[in-house]
Amino acid sequence: MASEMENITPNTVNQSFHPSKIAKNKHILIVEDNSINQKLMKRILESEGYTTDVADNGRDAFNKVRSTYGTPQQYYAVLMDFEMPIMNGIESTQKIRQFEEEHGSLSRIPIIGVSANARDTHSHTAFGIGMNSYITKPFQKKDIFNAIEMKDLKG
């Protein structure tokens, strides 16, 4: 799995994209079962001013989203891996969307699917279950920021 993110290295973390002004006070949940990928995404995001939290699986992600829902600590966005043990990203996204619907949310937390699978059917699944965006591994640093800050991501 570590090779899935071969385009992201400690050296690429310091490249030219600088969203730090827009990242202020934006808390991102990283949902990823691979510790190397967790550390890389955390470093990338925090180097630009985002704050982060990590969940090792979809169940933990759902619990974190639910516990911060409607509070000042609510996540600005979720980076959700697809394939994880205990609960995968698809089921977790569905549970988050169901929770939001049950609680009458007017704005949904943006969920960005992250997967090594680049097939169109996989991205269609992501959008079909309520993800707002989808990026494939290995990805570039700018892919993460573009997905998080996409103008029409909130919805």
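**Helix packing and salt bridges in a predicted model**

The model is predicted, with local features needing pLDDT of at least 70 and side-chain atom pairs pLDDT 80 or more, while totals for chains, interfaces and linings use all residues. Residues are numbered from 1 along each chain as its sequence is written, and side-chain values use heavy atoms, without hydrogens and water.

**Salt bridges**

- The whole structure holds 5 salt bridges, each a side-chain nitrogen of Lys or Arg within 4 Å of a carboxyl oxygen of Asp or Glu.
- Lys-141 pairs with Glu-48 in a salt bridge at 2.9 Å, N to O; the two are 93 residues apart, with Lys-141 in helix 6 (residues 141–149) and Glu-48 in the loop between helix 2 and strand 2 (51–55).
- Glu-48 is also buried, at 4% relative accessibility.
- Glu-46 and Lys-42 form a salt bridge with closest N and O atoms 2.9 Å apart; Glu-46 is partly exposed at 37%, and Lys-42 is partly exposed at 29%.
- Arg-97 and Glu-100 form a salt bridge at 2.8 Å between the closest N and O atoms, and both lie in helix 4, 3 residues apart.
- Arg-97 is buried at 8% relative accessible area, as is Glu-100 at 2% relative accessibility.

**Helix packing**

- Helix 3 (residues 58–68) and helix 4 (residues 89–102) pack at about 20°, with axes 9 Å apart.
- Contacts (heavy atoms within 4.5 Å) involve residues including Phe-62 and Val-65 in helix 3 and Ile-96 and Phe-99 in helix 4.

Terms used: Axes fitted to C-alpha atoms, helices over the stretch in contact; angles between N-to-C directions. Helix = DSSP H or I, 4+ residues; strand = E, 2+ residues; numbered from the N terminus. Buried < 20%, exposed > 50% of the residue type's maximum accessible area, 1.4 Å probe, protein only.
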